[in-house]
Amino acid sequence: MIKPYWKSASHIIIFILMILTHVFLYASFTIDVIAYMQDPASADPEAPARITTLIVVIAVIVNFIMTIIFFSDLFRYIRLKRRTTNNIKSNVEIYAEDAGKEDADKEAKKMLKFNEVIADRSETAKPDGVEFEFPQESMKYPSLKATLLTTFYAVGLPLLAIFGLLFVFIFLFFLMINPQNVLEGLRNAATFSAFAVVLFIVLFIIMMIIQRIRLKKRMPKEIGLRVYPDYIEQYVVSYKEARMETRYKVSYDNMKRTKTKNFYLIKGKVNNQTAVITIYKKEIPNEVIDLIEGRYLKVKEAKKAEKAKKGN
């Protein structure tokens, strides 16, 4: 259960910082107006900007960033609150033996806090109805390529949308400053957006390095794939005090997939939660991949037929 928003120290700190940036913006703007009234701007277009005006520009940027952080944090809280109070089954579950149930609870809380992943507790050691089961040794410590593919397949479109909105905001900001020069506004927007992309890539690489170092220290004991009549499941087994198994499920009726030369990637969304299963083709028989593909296409065609029937 998530505690109320205003009883969380991190939420309160973010809110206070956002308010402070608003105060900074209004104060700097007021000071700049007073400075302008005392000493109007020079008619020379090449004259350097007043220091108070530069401070206003900095205040606008800082305020925008902090406002985005605050609303992102707030919407994230609201989203998680709705998802956890609706009592809807998720596509991730954790099974633990008696001695490891406390570790499973800790793992579930950690997944929710850091990755927004809701994991259900399962009491079933191994569900019935498994048609095929294969180990995935390469996924214990996935290659850099596999990690990048999985990450961008899961969140690639949201990232593009965020950077697109950032470009539009920066363009409108420079257009507001100088409405006569649209091309300059586009150039500035492209420059700042490119810088933001590079900064994101650098931070992403640093986070990936840290994650891979941590993974080396506590590598999973087993990772594998199970195929059921209605869904596919990737399981990750770890040991602390006892066996703990985390399962990621994708059913055929909400499945999407993409294929590369070496990988077959599957994802499905349940309760606004995306689960991604990465399959290294060399580890799984082609017949099983063809079976999954055939079931996916069959469900897809059935949905098209049902949609066409309703349209008529």
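This report covers the sheet, the helices and the nonpolar cores of one predicted model.

Residues are numbered from 1 along each chain as its sequence is written, and side-chain values use heavy atoms, with hydrogens and water left out. Because the model is predicted, local features need pLDDT of at least 70 and side-chain atom pairs count only at pLDDT 80 or more, while totals for chains, interfaces and linings use all residues.

## The sheet

Six strands make an open sheet of mixed pairing. The order is β2-β1-β6-β5-β4-β3. Strands are DSSP runs of E with at least two residues, helices are runs of H or I with at least four, and both are numbered from the N terminus. Two strands pair if DSSP finds at least two bridges between them. Neighbouring strands are turned against each other by 25 degrees on average, direction ignored.

| Strands | Sense | Bridges | A bridge pair |
|---|---|---|---|
| β1 and β2 | parallel | three | E93 with D120 |
| β1 and β6 | antiparallel | five | E93 with R247 |
| β3 and β4 | antiparallel | four | P135 with G224 |
| β4 and β5 | antiparallel | six | V227 with I232 |

Strand β1 is mostly covered. Five of its five residues are buried, where buried means under 20% relative accessible area, exposed over 50%, and partly exposed in between (1.4 Å probe, protein chains only). How do the side chains of β1 point? V92, I94 and A96 point one way, E93 and Y95 the other, and all are buried. In a regular strand the side chains alternate between the two faces of the sheet. E93 has a bridge partner in β2, D120, and one in β6, R247.

Strand β4 is largely enclosed by the rest of the structure, because five of its six residues are buried. On the β5 side, β4 forms a hairpin with β5, with three residues between the two strands. Strand β5 covers residues 231–239.

Helix α3 (residues 101–115) packs on the sheet. The helix touches β1 (92–96), β2 and β6 (243–251). Its direction makes about 160 degrees with that of β1. Axes are lines fitted to C-alpha atoms, for helices over the stretch in contact, and angles run from 0 to 180 degrees between N-to-C directions.

## The nonpolar cores

A nonpolar core is a set of buried Ala, Val, Leu, Ile, Met, Phe, Trp, Tyr and Cys residues joined through side-chain atoms within 4.5 Å. The largest one has 17 residues. Which of them touch the most other members? They are I232, M255, I266, I279 and I292. Two or more residues each come from β4 (222–227), β8 (263–270), β9 (273–280) and α6 (286–311). Helix α6 gives the largest share, four residues.

Contact here means heavy atoms within 4.5 Å. I232 is also the bridge partner of V227.

A second, separate core holds ten residues, including I2, Y5, M66 and L112.

## Helix pairs and buried helix residues

Helix α1 (residues 9–38) packs against helix α2 (residues 51–85). Their axes are 8 Å apart and the angle is about 155 degrees. The two helices are therefore roughly antiparallel. The cut-offs are under 35 degrees for roughly parallel, over 145 for roughly antiparallel, 65 to 115 for roughly perpendicular, and oblique for the rest. The crossing is left-handed, which here requires that the near helix be turned anticlockwise from the far one by less than a right angle, clockwise being right-handed.

A59 is found in α2. Is A59 buried or exposed? A59 is buried, with a relative accessible area of 0%. Leaving aside neighbours within four places in sequence, A59 is in contact with F24, L25 and S28. A59 and Q136 are 77 residues apart in sequence and 51 Å apart in space, C-alpha to C-alpha.

S193 lies in helix α5 (residues 182–217). At 10% relative accessibility, S193 counts as buried. Beyond four places in sequence, S193 is in contact with L166, F167 and I170.
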